[in-house]
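Open the model in a viewer and keep the sequence panel beside it. The stops below give a selection and then say what is there.

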Amino acid sequence: MRRFSEAYLRLIVLVLAFEVLVSAVIGLGIYAGFSVFPYSQAAVTAGQAAGAAGQTTGINATVPMYMPTLADLKVPYTLLEPGPATWGIVSILCAIALIVLQSFVRGMYLGGLKAHIQGRHVSLVACGRRYFPVMVGFAGMQTATGLLVVMFAMAFFPLGLLMMLAMLLFALAPYLAVLQELPLGHALAKSPRTLRRYVGEWLPLALGALLFTVILSLFRALPQPWGYAIPLLVYGGGGTLLIAALMRNLDARLRAEGEPVPMLPLPEKKERRSAAYGWAALALALVAAGVFASSGQHLNALDFGGKERMAGIAYGTNFSDAFYASDQQYTTYLWESGDLEIAMRLPDLRNGDGPKELRGIADIRWSVDELVHTRVGMGTTAEMRPVQRESKLLYHLVRDTASNGTPYYSSMNGGHIALMPGKASPIQPFSFHITVSGDGRDISLLQYQQGMDEPLLFRMSEDGRYILPGTSTSNPQNVKVYWFSDERRTDDVFELMAARNRINLMPKTERGYLLLAAALQQGDGRMVAELLGMMRQRGVTVSAPERDASGWTAELRRLYQGASVEETLPFITKAGEQNAYPLQEQTGGDVNRRIYRIEVPFPNGTLPIVYEESADGSLIAIKVE
């Protein structure tokens, strides 16, 4: 029994070690920008990667072959959201290296199983050297056939399916090559008739494997890291038992029919009495290492050097009065301040001649909407609350050009960003994009619910400094931009809102006073002048001081003069709210027209707006006092 446990445990350790290595390499590939083929980089959403629900849903049934792998169960090797697939010299070399290494490990694994079946204890490394040529040849054939299957399936699916089924006839080749010490060609030739001869006897074993993997695949839905750790450990052990049972049965059938099954031609290796305990401890340590690698924590070793820290504020979309009054064409923002900060390692970008791409890991302190459970009496309540968290963002930004020719860096168009697992557990699965202005002064992080209209949300200002999301008609409250800068300036806030207003529209004059109130509140003199001019063109009687765009801007900035950013935000956020400007009905109206007054507050005063509406809601006259 002790000998069995030691032999079994060291094979499990071999499986775990290779799977952990694959997890680490895939994470490194996401960081460095290369893909790892043929291993699956199953997509994990940012919300899942962050913690509470790092799941892959559904069930999966399979039969382990040659060596158990997480890919059999469709378990992601990493919790980091993968970037776009990249074919390049590094990706090709990495794929070749992993296929070669896997072939050597498979030789160690199947050779170790043969030694165990024959009651011997040999060096696994020696097994790997002996069976490597067969295994690497079979892996190369598998890879080439797989590519052909994909190509034929894209052209004519039934043909691709037939090729895949034909490939199954040669599935026993590695087992026959190991058990009978056959070269690859002989093993391939013998595999189809051996499979036809014994497939009926192996049907119960196959059904047991399918049931086992179906049950085990359900564990993928566990919160992380258990959704990764439990399948890794259990499948490494259970899959090894299933493959050992198949090889033992094949060995017995070959011997019963008088076919040669030579002894493993390797010298015996002395056993240590306490080795089983060491292998068991190593298996548990490898599971812990796998959790560490799958979460991308090993990438922190690459995160060295000083980082530039920037404080931030946040703004987001919602259904505002201005949005409804403009037939959903005018976007305003809700603003918030707080203890927000980002730290990134950036080169000197002040001369505008920066590198083509930026890579690294950013540290961010932000506010995350999470489901908070509170104990009330004998029960608990759950509600969504903003929680202050510190997280890490893995980013790859590529140099892009704004509409006015200014360079900036973005995770769009070939870039990538991934939220590394940590304490933050957003209630919604979010996606992210990050930008860095060409001079390095501004960093913006766009957060939005996965599946939302990305082109509507990711809109850059003309100079590439600001992200200007539009208002979605579905869950706009789940869109937020964290804006970090080297220095908080009120003028920059006004510039951002003015940049958004350049792409806002006012398709009608009905309730146009709400858009005018929003533009006044935002300190955007250009938009105020345009709105007043458009109202005049459409027959509305306008009474307002004779000012051009710069004159209105100067007057509105005077009303904000002396206010800090934190003091300014509660005022400008009113433009993004509903019912921010209560209506006060005035005297002098009649059954055909109504007169109302609203007040736009500022730190240094108030601007009243008096307007007249007809009975059908058409704007007749407006006055800015």
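A polar contact here is a pair of N or O atoms within 3.5 Å; within protein, one atom must be able to donate a hydrogen and the other to accept it, and residues adjacent in sequence count only if both atoms are side-chain atoms. The model is predicted, so local features need pLDDT of at least 70 and side-chain atom pairs count only at pLDDT 80 or more, while totals for chains, interfaces and linings use all residues. Residues are numbered from 1 along each chain as its sequence is written, and side-chain values use heavy atoms, with hydrogens and water left out.

**Stop 1: Arg465**

Select Arg465 and Asp442. Their side chains make a polar contact at 2.9 Å. Arg465 sits in the loop between helix 11 (454-457) and strand 9 (480-485); helices (H or I, at least four residues) and strands (E, at least two) are DSSP runs, numbered from the N terminus. Is Arg465 buried or exposed? Arg465 has a relative accessible area of 11% and is buried; buried means under 20%, exposed over 50% and partly exposed in between, with a 1.4 Å probe and protein chains only.

**Stop 2**

Select strand 1 (residues 308-316) and strand 2 (residues 334-344), which run antiparallel and are joined by eight bridges. Two strands pair if DSSP finds at least two bridges between them. Ala314 stands opposite Glu336 in strand 2. Strand 1 also pairs with strand 9, in the antiparallel sense, over six bridges; there Ala311 stands opposite Ser485.

**Stop 3**

Which strands form the open sheet of five? The order is 10-14-13-12-11, and the pairing is mixed. Strand 10 (541-543) and strand 11 (584-585) are the edges, each pairing on one side only. Within the sheet, select strand 13 (residues 605-614) and strand 14 (residues 619-624): they pair in the antiparallel sense over five bridges, with Ile609 opposite Val624.

**Stop 2: helix 9**

Select residues 275-294, which make up helix 9. Helix 9 has 20 residues and reaches 28 Å from its first C-alpha to its last, close to the 28 Å expected at 1.5 Å a residue; the expected span is 1.5 Å times one less than the number of residues. Colour Ala275, Ala276, Ala283, Leu286, Val287, Gly290, Ala293 and Ser294, which are buried. They cover an arc of only 130 degrees around the axis, which puts them on the same side of helix 9; the arc is that of the directions from the helix axis to the C-beta atoms. The face turned away from this buried side carries the exposed residues Tyr277 and Leu284. Leu284 has 57% relative accessibility. Gly296, with a positive phi near 80 degrees, follows helix 9.

**Stop 3: the cores**

A nonpolar core is a set of buried Ala, Val, Leu, Ile, Met, Phe, Trp, Tyr and Cys residues joined through side-chain atoms within 4.5 Å. In the largest one, of 75 residues, select Tyr109, Leu110, Leu113, Tyr175, Met247 and Leu250, which touch the most other members. Helix 1 supplies the largest share of this core, 14 residues. A second, separate core of 65 residues includes Ala499, Leu514, Ala519 and Leu607.
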